[in-house]
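Biologist: I'd like to learn how to read a helix and some ring pairs. Could you walk me through them?

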Amino acid sequence: MQDKRARLLAKSGYTQALQGPASVLGRGIIFPYTPTIQSQTQVAYSKYDLVHTNSQPHAFQSSSPPGIQLTATFYQQTTEEVAYLVGVLHFLRVVTKMNFGENDPERGTPPPVLEFSAYGDLNYNRVPVLVGGFTQSYPDDVDYVEATVNGSVVQMPSQFTIAMDLLVQYSPRRVKSEFSTSQFASGSLYSKGFI
């Protein structure tokens with residue numbers, strides 16, 4: 001049976017975000033507890049300003065892929081759970097940075113496009129996303145668990161929440177060659193990451 005837990009993965013070949021403390025993650029984040037996922041689809045219409053009428057007609061302009069807001073809680077009691085959370089934070093910090101610096105041969109490369117999946121093909125299946133931002137807070141009303149991760153002693157809250165904004169990012173070439181309204185209406189494009 002296929003694992004349908006929520007996950008945010010690096011595409012194959014991208015390993016930069018999986019180095020250092022994130023090496024415990026595998027290909028990215030598999031959320032160990034069910035996160036809250038919200039999305040909102042935006043449709044833009046322009047209004048025709050007609051005089052002497054009580055009804056103003058609207059003209060379709062564009063439709064945007066939904067933004068995805070994800071809030072995940074992590075619980076830490078063991079060294080392995082602390083190491084996993086440290087890896088999650090490191091992964092998010094890396095995938096929100098572009099390559100930069102004189103000694104970076106890939107300088108100028110923007111942050112990577114990741115793949116978000118959750119709850120089977122008809123929900124979110126390998127949707128290409130960028131991390132548009134994330135929020136973390138270290139609460140003052142929980143215990144902290146101390147562990148050694150990669151040779152460093154770290155303390156992490158026993159309960160920790162991360163909220164992130166995921167921006168759906170289809171390449172123009174892919175939309176042009178793979179998307180059609182009739183295929184989308186049939187449901188066949190969900191398995192290809194279109195939402």
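Modeller: Gladly! Helices (H or I, at least four residues) and strands (E, at least two) are DSSP runs, numbered from the N terminus, and the expected span of a helix is 1.5 Å times one less than its number of residues. This is a predicted model, where local features need pLDDT of at least 70, side-chain atom pairs count only at pLDDT 80 or more, and totals for chains, interfaces and linings use all residues. Residues are numbered from 1 along each chain as its sequence is written, and side-chain values use heavy atoms, leaving out hydrogens and water.

Biologist: What span should the 16 residues of helix H1 have?

Modeller: Helix H1 (residues 79-94) should span 22 Å, and its end C-alpha atoms are 22 Å apart, which agrees.

Biologist: Which residues in H1 are buried?

Modeller: Buried means under 20% relative accessible area, exposed over 50%, partly exposed in between (1.4 Å probe, protein chains only). Among those buried in H1 are Val82, Tyr84, Phe91 and Val94.

Biologist: How many aromatic pairs does the structure hold?

Modeller: Nine. Rings of Phe, Tyr and Trp (its six-membered ring) pair if their centres lie within 6.5 Å; planes under 30 degrees apart count as stacked, over 60 as edge-to-face and the rest as tilted. Tyrosine 138 and phenylalanine 160 have ring centres 5.0 Å apart and planes at 65 degrees, so they are edge-to-face. The pair ties together parts 22 residues apart in sequence, because tyrosine 138 lies in the loop between strands S6 (124-137) and S7 (144-149) and phenylalanine 160 in strand S9 (residues 159-168).

Biologist: Is phenylalanine 160 buried or exposed?

Modeller: Buried, at 0% relative accessibility, whereas tyrosine 138 is partly exposed at 41%.
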